[in-house]
Amino acid sequence: MRGATKIGVSLIAALGALWWNIAAAQTVKIGLINTYSGPMASNGDQIQKAVDLYMKLNESKLPKGVKLEIIKRDDTGINPETAKRLAQELIVREKVDLLTGVVWTPNAAAIAPLTAEAKVPFIIMNAGTAMLTTLSPYIARTSFTLWQSSYPMGDWAAKKYKSAYVAVADYGPGRDAQDAFIKAFKAGGGTIVGAVRMPPPTSDFAPYLQRVKDAKPDALFVFVPAGKSATALMKGFGELGLSQAGIKLIGPGDITTDEELPNMGDVPLGVVTMFHYSAAGDRPANKTFVAEWKKAYGPNSWPNFISAGAWDAMQAIFDAVIQQKGNVTADKTMAIWKGWKNPNSPRGPISIDPETRDIIQNEYIREVRRVGGVLANVELETIKAVKDPWKEITGKK
């Protein structure tokens, strides 16, 4: 009888241990809304590759018994209603703990109110219109704002050129880029001789570029979405002979995005951009990032700023999960992200501003040069720890 009691106690203990292990196991659900199809799917491909690579290299760092389940959804491009529906599905049906991804500003803006209503943290991997983080207290961003690159570019350009023409894609980031550049360029004494907004996405830039050529500015400041649109723009610039007409091409780094440089011919040589990331950046963390990328995706594959934003978002997610030991809550996650820092990002030291939940990062003056037989965005000057100028100027939080 006594032996039977011992067996019973042992069985109860074993069952208790099993129950504890099951209870201790924790799956954190991440809803990833991304662009997997459509004409701009290459941008979504950069996000997915960064997510996959980060998971492969870092999944073992999660607490014992904790795993991440990434639930993917395709918004197919600039489709705010689709993005909103997908976010609702992820929040209500899949009961995700966090949302992330999102290439496009209109999609992020459509998702924002849902994050506030449901109290679901949303960390933006790419969409770059400045006001997005003001739309919900449950949004943080690891990518950029167009004001961060375009405002200092306007200040820099005013010291080099007397006149400029501005051509931008007609949606949130383009309008931000235009407003930021013009404000800084005029403040520095420059003259804007013309401006045009172009529907995104488009591949026929000839009519717009002809207007620029006719206006004869010293410089053309341009923003279009990175990827195939940037390549089409560059080819149009070359075919119309704007460089030979004495017009200097400048802009944020979207127009010379790293992975598209091999497809642009020699037209980008000498183009100057302001941006927060270059695959050619001479930092140990970046060299490791690029090497791991090429190891995973092939020697001719390049990460770009979109993949850098996704990579850093994954680290912010991992840090939140690790600090909470897998028991993720919305308010604790947001508290962790406010003031989150990474001194060794591939792009240099970064942090999230606790007041705005937006990224603080270096901006680099880059020039496209031939390095080792390939075109590269070579970083020449550094502006350290740039906050979003729009929020600094307007006081928006």
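Reply: A place to start is T133, which counts as buried because its relative accessibility is 0%, where buried means under 20% relative accessible area, exposed over 50% and partly exposed in between, with a 1.4 Å probe and protein chains only. Keep in mind that this is a predicted model, in which local features need pLDDT of at least 70 and side-chain atom pairs count only at pLDDT 80 or more, while totals for chains, interfaces and linings use all residues. Residues are numbered from 1 along each chain as its sequence is written, and side-chain values use heavy atoms, with hydrogens and water left out.

Me: Where does T133 lie, and what is it in contact with?

Reply: T133 lies in the loop between β4 and β5, where helices (H or I, at least four residues) and strands (E, at least two) are DSSP runs numbered from the N terminus. Leaving aside neighbours within four places in sequence, T133 is in contact (heavy atoms within 4.5 Å) with I139, R141, T356, R357, D358 and K391.

Me: What is the order of the strands in the open sheet?

Reply: The open sheet has 5 strands in the order β2-β1-β3-β4-β5, with parallel pairing; two strands pair if DSSP finds at least two bridges between them. The edge strands, each pairing on one side only, are β2 (66–74) and β5 (139–141). From one strand to the next the twist averages 25°.

Me: How many bridges are there between β3 and β4?

Reply: Strand β3 (residues 98–101) pairs with strand β4 (residues 122–124) over 3 bridges in the parallel sense, and L99 has F122 as its bridge partner in β4.

Me: Which strands does α4 lie across, and what about α10?

Reply: Helix α4 (residues 105–118) lies across β1 (26–34), β3, β4 and β5 and runs at about 160° to β4, while helix α10 (residues 305–323) lies across β1, β2, β3 and β4 and runs at about 140° to β2. For these angles, axes are lines fitted to C-alpha atoms, for helices over the stretch in contact, and values run from 0 to 180 degrees between N-to-C directions.

Me: Changing topic, at what angle do α2 and α9 cross?

Reply: The axes of helix α2 (residues 41–58) and helix α9 (residues 284–297) cross at roughly 100° and come within 11 Å. That makes α2 roughly perpendicular to α9, a label for angles of 65 to 115 degrees. On the α2 side the contact involves Q46, K49, A50, D52, L53 and L57, which meet E292, W293, A296 and Y297 in α9.

Me: And why is α5 called largely enclosed?

Reply: Helix α5 is largely enclosed by the rest of the structure because 11 of its 13 residues are buried, W147, M153 and W156 among them.

How values were computed:
Parallel < 35°, antiparallel > 145°, perpendicular 65-115°, else oblique.
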